[in-house]
Amino acid sequence: MSASPFDWPEGGEVRALVAGDRRVVLVGAHPDDRALRRGAAAAARALLHAEQAIIALAGPVSAQVEGLVLGGYRSQHFGRGEFAPGATPVAVVTIVDPAADEEVVERAQVAARASLLARGLANAPSNLKNPAWMVERAQAVASRRGLEITVWDEEALAVAGFGGLLAVGGGSVSPPRLVRLDYRPEGASDAPFVVLVGKGITFDTGGISVKPADGMVSMRTDMSGSAIVLAVIDAVAALGLTIPVTVLMPLAENSFAEGSYRPSDIVTPYGGKRTVEITNTDAEGRMVLADALAYADLELEPDLLIDVATLTGAARIALARSMAALFSDDDELVGALREAGVAAGEPFWRLPLHDDYRSMIDSAVADLDQAPGKAGAITAALFLREFVGERRWAHLDVAGPGRSDDDTGLLSKGATGYGARALLRLLEGLT
Ligand code: BES
Ligand code: MN
Ligand code: ZN
C-alpha cells in the first residue's frame, strides 16, 4: 500500500505505554522532514527527564535530531536561586538508523542549538539583558570561535555618526552599543561575502510614543534579530563553513525618559546621506537598522546583505505565527532564502517593496518620514531600502513567528529564534 499524506498522521501524535520504569512512546509521523521534525519533537517532550531513550523512526536523521533537540527544550525558569531550563531533556539518545552518519547528526545538532542559543538570549529579562550584556554574549561567542570582534560604545558611536542608535538609545541609562563580528575562514575564495544585520532592541517601551501595557510585556524579545545573527555566526564557525560572514548587532534600549528622542526630531543615520523626521518613536527598529545597513553598504562591500528583525506588528497580523515576511528586489536571493526556509522548517513569504508606496515615506521637513502609519510592514521595508545603496539585500520581518504562545511542535513558549536555521541553511548552500 502506498503512503499518502492523507493516511499518515501529520507528525507529532504520541501515545505512551508505561511498563514499570520503562515507557514505550509511539509517534505517528509521515517520513518527510517536516513531519519527522515534529514527530521527534513530540517524542522528546513525552520523554522529558528520561535518562535514556532509544529512537527508531523512519526517515531523514537530520530532521529527527533537530526535532529531538528543539522539542526537549523549555524556556529558562527564573525561580529563586535557580537559573536553569524549566525542564531537563533526555540525557542520552540513541538513534537506531543504519543510514545515520556522524557528520549529519553533528550538523543537525549545531543547527538546532543555534535556535536554542537565540531563544535563550531573547527570553532573558531586560533588567539583566541591556546592550552591554549583549556585548558580553557576543564576546563569549567571539572567543570560543576565534572571531574578530569590534565594539562601539556611546562615545565611539557619536564620533562615527551613528545617529539612529544614539537617538533610540538616548533615553536609557544603559547606553547603546554596536557589535561587529568577523568570520574569515581559509579557502573561501568563491563564496560570496555575506553581512547579516540583526535588530537588537533589548527592551521596547515604544519610547515617548509609548506602547499600551499589554503590547509591552513581550518586548524583551525585541533583540531577537541580534540573537539570531549571533547564533548563526556561532554555528557557521562551529561547522567551519568556507564562507566569509560578518555580523552587525545594533543594540539599544528604547526607553521612556528625559533623554528619549521625540516625535518631530530630525535624525541622521550613519553616512549622513539621508535625514529622517521622527513621527513615532515606537518605530525604533528601522532607525538602528538604518545605521547598521548604511555602515555595511559604505564600509564593508558585502556581496549579500540580509537583515532580520522583529520589526512590525503589521507583518505579524498579515502572516500570523508560522511564516516570516521577506522583502527583496533580488529574485535570486528571494529564491535562495525561500528554499532555505522550507528546508529548515522556517518558511518565508514574500511581500512587495511596492514602488507606488515609496512616496508614503516622503517627509515635508526631511528626506524621509520614519513612520507614516500606512502599509506598516511594507513602508518599514521601503525605509530600510534607502540605506542599502546598490547592494543585493533582503529584509526578514520575524515579528510574527518570533514568538510562540505555548510549548508546541518545535517551539517553546516565548522567543522562537525563528530564522536562525534558515539563515544557516542559506549560508551552507552558498559555500
Ligand atoms: N518591536 C515592534 C514590533 C513588534 C510588534 C514585534 C509586536 C513583535 C510583536 C516595533 O518596534 C514596533 O513597535 N513597530 C511599530 C511600528 C509603527 C509605530 C510604525 C508597529 O508595528 O506598531
Ligand atoms: Mn517599537
Ligand atoms: Zn521594536
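1. Arg177 is buried, its relative accessible area being 16%; buried means under 20%, exposed over 50% and partly exposed in between, with a 1.4 Å probe and protein chains only. Arg177 belongs to strand S8 (residues 177–183), where helices (H or I, at least four residues) and strands (E, at least two) are DSSP runs numbered from the N terminus.

2. This is a predicted model, in which local features need pLDDT of at least 70 and side-chain atom pairs count only at pLDDT 80 or more, while totals for chains, interfaces and linings use all residues. Residues are numbered from 1 along each chain as its sequence is written, chains are lettered from A and ligands numbered from 1 in the order in which they are written, and side-chain values use heavy atoms, with hydrogens and water left out.

3. The side chain of Arg177 makes a polar contact of 2.7 Å with that of Glu154. A polar contact is a pair of N or O atoms within 3.5 Å; within protein, one must be able to donate a hydrogen and the other to accept it, and residues adjacent in sequence count only if both atoms are side-chain atoms. Leaving aside residues up to four places away in sequence, Arg177 also touches others, including Pro131, Trp152, Leu165 and Met249; contact means heavy atoms within 4.5 Å.

4. Which protein atoms are donors of the manganese ion (ligand 2)? They are Asp204 (OD), Asp282 (O), Asp282 (OD) and Glu284 (OE), at 2.0 to 2.2 Å. Donors are N, O and S atoms within 2.8 Å of the metal (3.2 Å for Na, K and Ca); water is not among the atoms, so sites may look incomplete.

5. The spacing of these donors along the chain is D-x77-D-x1-E. Asp204 lies in strand S10 (residues 200–204) and Asp282 in the loop between strand S13 (276–277) and helix H9 (285–300), so the pair ties together parts 78 residues apart in sequence. Asp204 is buried at 3% relative accessibility, whereas Asp282 is partly exposed at 22%.

6. Asp204 coordinates both the manganese ion (ligand 2) and the zinc ion (ligand 3), which are 3.2 Å apart.

7. Ligand 1 has an oxygen atom 3.2 Å from a side-chain N or O atom of Lys199. An oxygen atom of ligand 1 is likewise 2.9 Å from a side-chain N or O atom of Asp204. A nitrogen atom of ligand 1 lies 3.4 Å from a backbone N or O atom of Leu311.
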